[in-house]
Amino acid sequence: MQQKSSQSRGVLYDKTVPLNKSEKHLINSAHLLLIASRACSSQNKARFFLGGWCVWVCVCVWKMRLFVGLYQLSSLLYLVALAGCEEDYTEDEEMILSLIRQVDSRPVLESGSSAQFLRCTKDAWRIPGQYIVVVRNGTRDNQVERTARRLRVNAARRGYLISILRTYSGAFHGFLVQMSSDVLHMAVKLPHVEYIEEDSSIFAQGSPWNLERIVQTKTGKYKPPNDGSEVGVYIMDTTIQANHRELAQRVMVTDFNSVPEEDGVRVHRQASQCDSHGTHTAGVVSGRDSGVAPGASVNSVRVLNCQGFKKTSTLSVFAGLEYIRASLQVQPISPVIVLLPFAGGFSRTLNAACREMVRSGAVLIAAAGNYQDDACLYSPASEPEVITVGASNAADQPLTVGTMGTNVGRCVDLFAPGDDIVSASGDCPTCFTAKSGTSQAAAHVAGIAAVLLKENPTARSVEVLHLLRHHAAQQVMNPEALPLEHRLTTPNMVAVVFKSPSARAGEALLCRSVWSKRSGVMSFDTAAAHCLHGEEMFSCSSYSPDGVWAGERIEVRERECVAHNGVGGQGVYAVARCCMDDRVQCQSFASAHMGTEAKCPSPQHQLTGKNCGWAPSVADATRPLHGNSKACPARAGATSHASCCQITSSLECRGNEYQPCSLPLSQVEVSCEDSWTLTGCSGASQGSAPHGAYARGNTCIVRPSRGERGVAAVAICCSRTKHLEECFLPVG
């Protein structure tokens, strides 16, 4: 067994080795000789060592007899040395000198009854080794000092050194002392002592801004619907300080360790540096006071090294994912979340591994990256099956820290707090620190997902994604804060904890818009948007920033929405409207001939989206959807497509159209009413084709060409709820 340093414990001999009384006298004698030598001048010190140590060694050689006499001899030498010293000795040495003058065999007088000992009821908040000694009312100040001195003497006689930090004479009389817990039994026996209280931590009771932000209540107090217990979270990061008060008894450090070597010749591998990122991230997910889901269990899978900007490799992350997959096969955990708080260059292999993990039943959540760039250029953020999270600040704006900032773009699914987040620190088991970045934002979403999965343990990853987006705070970010090329494609929403996760959004139809990357500029270059496995494509539209496009086409086999760039165009986007509904099956039906309408084949189908081509006049008979029509008219020379969903449950769809009568507007909008969900968005124009149509939340937006009049926006809205009055009013 490794012996602890007696100096660090304030003990005059090593308590881990059993000693008899004579041996303790021997060790204490040597200690007294050292103190005496420290108190003398260099000349006297040399003379002292020559005489004192010779006597001490001679007696040791004499078969270790006469221990008590040796102690008294050492004490005498100590007094002689001090008497010959010109320097003043310290208060500690004066105390020990008074101890030596006592008869060693005289028992310590202690009070008959013991004082009360108090400690904090929460073990994690205790501060062992620091105690407040409170004396009885009426005790004079000099008696307080005498009590403190007596405690020091009694402790020293038994081999302990203590430190009196402060005395009190205001609200109570007493003193603050640092000492080993082994001295407590002596302290409670001192006269005049009423009770002794162990020091403990006290915390400000205001919730951190990030927890206040995601709870969305007027009180600002963070109280999630549940604590996320029974949900397992694998965190692929650095190691985690498992004994931190925020994470105690909820962290399992796995035996996986695939970490690349650090750059450079020497890297200081201090434990707190290796633990810092992982401990902080785990605290955001599951910390007792700083966490989003304080009941979720955490499994540490180390893939990041100890270098300043913690890093790993694609192969290390791939190996970590394989390890998690194998572990879940041996010991299944359901539901399970895998947090990926890192970003690297685009990797097809890593994205494929993440995709397979999702399809095996896990929910993967990744950081978007901190490079103020397009998240689609990084992995695992670019994998569509992974829930990718950008970072926002306290003002609900995209995070920017110096030259770094959150990644944005169509591969980001939503944002979450990531600026100045206070959580557990790897410096010590009770330390906290603040960090910023998309790792912290992803950890927030992992915690929210754990709260959701606690009450919906069978929810698939795609359903978790839709619920996160449905309950998020919508349109709170200033679009001007986003790069121009990403303003349309970046989702404007910040994650929040929902009040009733088990209600599945009140049985609302859940839909989202999926943007493609921008097509090339060559004639008839295409762009394609895809729905995820488990989603149905309810509609398809396109958007051209310069208004030159050639229409959309839906590839049903691949759940693909394809848009074609027109001659002279500068690129086009495809926009798929993807919805979560296991009870419907959707198909695209094209018109039989150019200029003829496309329609749904049977009464069991609902028209959920359309691409009818832009009508030359809103007064023309080819005007798009009206009322209950399940057909999509087309203008002359164009092929129309109708998106139709076969209904196996209660789902009804209606059209809602708005055409402004005022001067030309920069955009025309029409929204679905409450409890109705936007599934299709298109438009009509009296003249040239507009830039296109796209959905933003539950609103259909059409942007006319410059100076264009007579543009109408047409929304198709669907609902699972039966309404007594089936009526739509124009919105504008």
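**Close-up views of a sheet and a helix**

**View A. Strands E34 and E37 (residues 712-719) pair in the antiparallel sense over seven bridges.** Helices (H or I, at least four residues) and strands (E, at least two) are DSSP runs numbered from the N terminus, and two strands pair if DSSP finds at least two bridges between them. In this pairing, glycine 683 lies opposite alanine 713 of E37. The model is predicted, so that local features need pLDDT of at least 70 and side-chain atom pairs count only at pLDDT 80 or more, while totals for chains, interfaces and linings use all residues. Residues are numbered from 1 along each chain as its sequence is written, and side-chain values use heavy atoms, with hydrogens and water left out.

**View B. An open sheet holds three strands in the order E32-E37-E34, with antiparallel pairing.** Strand E32 (652-658) and strand E34 (677-684) are the edge strands, each pairing on one side only.

**View C. Helix H11 (residues 348-359) has 12 residues.** From its first C-alpha to its last, H11 reaches 17 Å, close to the 16 Å expected at 1.5 Å a residue; the expected span is 1.5 Å times one less than the number of residues. Just after H11, glycine 361 takes a positive phi of about 120°.

**View D. Leu350, Asn351, Ala353, Cys354, Met357 and Val358 of H11 are buried.** Buried means under 20% relative accessible area, exposed over 50%, and partly exposed in between (1.4 Å probe, protein chains only). The face of H11 turned away from its buried side carries the exposed residues Arg348 and Arg359.
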